Structure formats: structure tokens, C-alpha cells
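Me: Could you walk me through how to read this structure? I would like to get the general idea of each feature and then see the case here.

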Amino acid sequence: MTRLTGSLLALALAAVGLNASPQQPAQQTPPAPVFKSGTELVEVYAIVQDGDGKFVPGLAADDFDLLEDERPQPIDLFYLVSGPAQRVPRSRPAEGTPRLQDQSAPRLFVLIFDQEHLTFEGFKRIKDSAIGFVEEHFRPGDIGGVVLNGAMANGRLTTDRQEILTALRNAMPRPEVASRFAVFREWPRLEGEFEALRIESGDVRLLQEAVDRACTERPQDCERAGVREQVENELQRNAQRYLDEARTASNRLLHTLSAVTTGLGRMEGRKTVVLLTEGFLVEDIRTSLGQVAAQAARFGITVYAIDVRGVARLSSGSSDASQMGPRMRPSVLDTNEDGPFILSADTGGFVVNNTNEFDRAFERIANDASTYYVLGYAPANPTLDGQFRKIEVRVKWKGMRVRARKGYLAVPLPPPARRHLGGVDMPVTPSTPVPEAPAGPLPAPAPLVANALGLNAVPLVRADANARVL
């Protein structure tokens, strides 16, 4: 939901004029409709594709059905964003057709390196592709940031492409991640995270299968009396050690994602977050992760995830197991996939996996952030009660599919970033260690953890300090 008064609309239009390029003078900006003062809207960003996966342009509001909690909602605002450029106002037309002329909007990208789970090889592969993405797709007027070690690089978002590239080139993986995965490659080894979870839960049959596997691999070590019992104890210790470390890593990632979500919630418009990961243990944080995803959707954030294990994750009997994450062969259940799918599906993004074509993945994400439909509606239930509201967007034409967020958490928006001619101010607190996420549901909304992000002055457009625009 957003609010825009008549006076702020004038300021927003003035900001558009200040940022018009010489090739596209301010007077060519499409005329804006009349807006009601103080009207609140929910905005949904929709990607419509045909059977070949190509974006479908030229649709009108009447081509969509929009439902909240299974109740049809009138579409009060509708336009197509096509290409990054100036900002457009957000609010509800007072009268007439809800269709606006096609608009342009700035793009905001945040790349989160999940260094709690990235191995050396995975980090190297995705780092090169991330640099290529910024070099090729980051355009003048775009805003970007890189989250490394749970903090925003240089403590801020920026429009300076070179600053982002420097942060990426200086990024390094964490060596301790490889040691966590040693239990999946050193004898007596575990086959995967699922096996570790079952052994921890007391699955005697699966534990004995793991012992049998170990004795088959090294029969000479199992001939002496009592060795099988020693192997059994070692497997149990390995399973518990791995899961303790994995839970700590997942809680830290959850903490970072929550802070990123709340920090970006102070920015207007669509925000694109790209999670670069090898998957993570989600069983103990599933509920909280779902709340983070719902809150991200509320704040206009679309999450994409790239599984940097690529095709290596499907290798069987590889001699270089260090290139793989917890999954060792196709027959092992890969619970690490669940978290990225929760985040992306609930916010309208997607997961890229089973491929090493990371450059192509970044290109798809850039295209998503550049061209999409905006559907705005005033919900029949305007109460911000902290409950989840389900959203469904349908296209009436056969052969087309639409991707949009699945809902949102009905919580107030964070206070807007304070703007001035130099940028946007966000509070920063002294850096402290990132604590483990609390058990149970996250508060709604989660507080801004500025020390985890270092969100600071964000160079943006020249706008009045109080203007809220898309």
C-alpha cells in the first residue's frame, strides 16, 4: 500500500523533470492522471509470458483477474513498465480508466552472496558471472548493492557501477564452509543433509545402511571386533556436528535476509534481490522464512535465487566432491532447495538451478526487472493486522502464464528513507555480531538491523526530502 498526496505528486513530477536526459526532454514525459489524496494501494508486479517464455506486451487491465483472499479486486491502477528511466508516481486515479501510458522506472538490484553456504568453487563461478552482469546490464540510473559477510559493501547502495564492480572483485569466500561439508566426503561419510537429519532423529535403519556403506567402501577397516559400533558413533557425531553448524549458518542467513527486506522496504518501487547460494537447511526456520518472504512481497521486493552448484550438484561419484554442496548424488533428497524456492515463489521471482549458464540467469533477471505490468488495487480489507493476504493474478487469454507474488503480510511500511539533494539517509548503528534468529515467527515487521547491512546514504534522484515516488 502506498500514499501520495497532491502536493507530493507535484514534487514527484518535478523530480522526473530534473532527471530527464537530453535525448528525452522532460516535456515528453507522459501526462499523469489525477490522484486522490491519501489513497492506499497494493501494487502487484506481474510478468506475463507466452508458451515460448516470451514477455507478452500490449495487455490491458481488462485482460487480468486480480483476487485477494479469493475475492475479486477492482484494478484501480494499471500500466506497463518498459525499460529503466525516470520515476513514476504511485497512487489511485480519481476517475476514468485505470490505464496509464507505458512508463519507465528505475531498477534497484541487490546481490546477496550467501557466504554461509558458498564453497570456494561455487563462489568463484558465481563471482565471475556477477561481475559480468554488472558490466553488461547495470545501466545509468540503476541502483545497486552487494551484501558480503552479512553486510552491505561500503555500507550503502549506490548508482556507481565501478564501486559495485570493485566490491565484487575484492569479494572472497569463507574457508570454513568447506570444512562443514567434509562429512559428505570423508570416511565414514554421510550421503547428504537428509541422511544427517534422519540419523539425528533416531532412524536406526538408515544409520545401519550408512554403516554398511562405510564397511563396503573400506572392508578392511570393519573386520575387527567393535569397529562397526565405532563407525556408527562417528556417523552420529558427524551428523550432529554438521546439523549444528548448518542451523547456525541458516539462522545467520535468515537474519541477513530479514534485515535486507526491512531496509529495502524504505525504498519506493520494485526492488530486485538476487540470492547467490548453494542452498541451506530450512527445516527449523521454515515458518520464519515464509514470513520474511511475505514481508518482502509487502515491501515490493522480488527475490531470485541462483543455485551456484549448477550441474555439479547432480554428479555421481565425482572425484572432486569439494565442488558440490551437501547433495552428493541424484538419489539423495536435496532439502537445501526448499529455502530458495520459498523466497522466490512467494515474491514473484524464480530459482535457477541444474545449470552452469549463470550469465543467462542474470540476463533473465535483468529482463524481469526492466519490463513488467503494475496492477494496483485498494484492498477490500484495509486493516493492517499482521495477517497474510493471499494474492492471485490471472490472465484471461489461453496460452499465457503470469508470475507474480503470492501474497503479502499486512503490516505497515517502514518509514520512508529521508531524501535530500545528495541522496537518501538511512540510520546506521555500530557494527555488532549477527545473532541467531529467534525461534518461532518473526515479528511483523522485522526491525531494521542496520548493523547487519550498513545501509547508509543512497545516491538517488534529486527529490524533496518528503516526496515518496516510485
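Me: What is the mean pLDDT of the protein chain, and what share of its residues reach 70 or more?

Reply: Since this is a predicted model, start with pLDDT, the predictor's confidence in each residue. Here the protein chain has a mean pLDDT of 77, with 71% of its residues at 70 or more. Watch residues 85-97, where the pLDDT is below 50; that stretch still has 54 contacts in the model beyond near neighbours in sequence. Residues 419-470 also have pLDDT below 50, and there the model has 153 contacts beyond near neighbours in sequence.

Me: Thanks! Now strands: which strand does β4 pair with, and in what sense?

Reply: For pairing, look at the bridges between two strands. Strand β4 pairs with strand β11 (residues 371-377) in the antiparallel sense, over 6 bridges. To find your place in that pairing, take L77, which stands opposite G376 in β11.

Me: Why is β4 described as largely enclosed by the rest of the structure?

Reply: Buried means under 20% relative accessible area. In β4 (residues 77-82), 5 of the 6 residues are buried, so the strand is largely enclosed by the rest of the structure.

Me: How many aromatic pairs does a search of the whole structure find?

Reply: The search finds 12 of them. One is F78 with Y373: the ring centres are 5.5 Å apart and the planes are at 20°, so this pair is stacked, as planes under 30 degrees apart count as stacked. F78 belongs to strand β4 and Y373 to strand β11, so the pair ties together parts 295 residues apart in sequence. Both F78 and Y373 are buried.

Me: And what does an edge-to-face pair look like, say F109 with F133?

Reply: There, the centre-to-centre distance is 5.4 Å and the angle between the planes is 80°. F109 sits in strand β5 (residues 108-113) and F133 in helix α2 (residues 120-137), so the pair ties together parts that are 24 residues apart in sequence. F109 is buried, at 2% relative accessible area, and F133 is buried too, at 4%.

Me: Which residues do ring pairs link into a cluster?

Reply: Follow the pairs from ring to ring: F55, F64, F78 and Y373 are linked into a cluster.

Me: Last one: where does the charged end of R218 sit?

Reply: For a charge over a ring, look at the distance to the ring centre. The charged end of R218 sits over the ring of W187, 4.3 Å from its centre.

Note on methods: Residues are numbered from 1 along each chain as its sequence is written. This is a predicted model: local features need pLDDT of at least 70, side-chain atom pairs count only at pLDDT 80 or more; totals for chains, interfaces and linings use all residues. Side-chain values use heavy atoms; hydrogens and water are left out. Buried means under 20% relative accessible area, exposed over 50%, partly exposed in between (1.4 Å probe, protein chains only). Helices (H or I, at least four residues) and strands (E, at least two) are DSSP runs, numbered from the N terminus. Two strands pair if DSSP finds at least two bridges between them. Rings of Phe, Tyr and Trp (its six-membered ring) pair if their centres lie within 6.5 Å; planes under 30 degrees apart count as stacked, over 60 as edge-to-face and the rest as tilted. A charge sits over a ring if NZ of Lys or CZ of Arg is within 6 Å of the ring centre and within 35 degrees of the ring normal. pLDDT is the predictor's confidence in each residue, from 0 to 100. Contact means heavy atoms within 4.5 Å.
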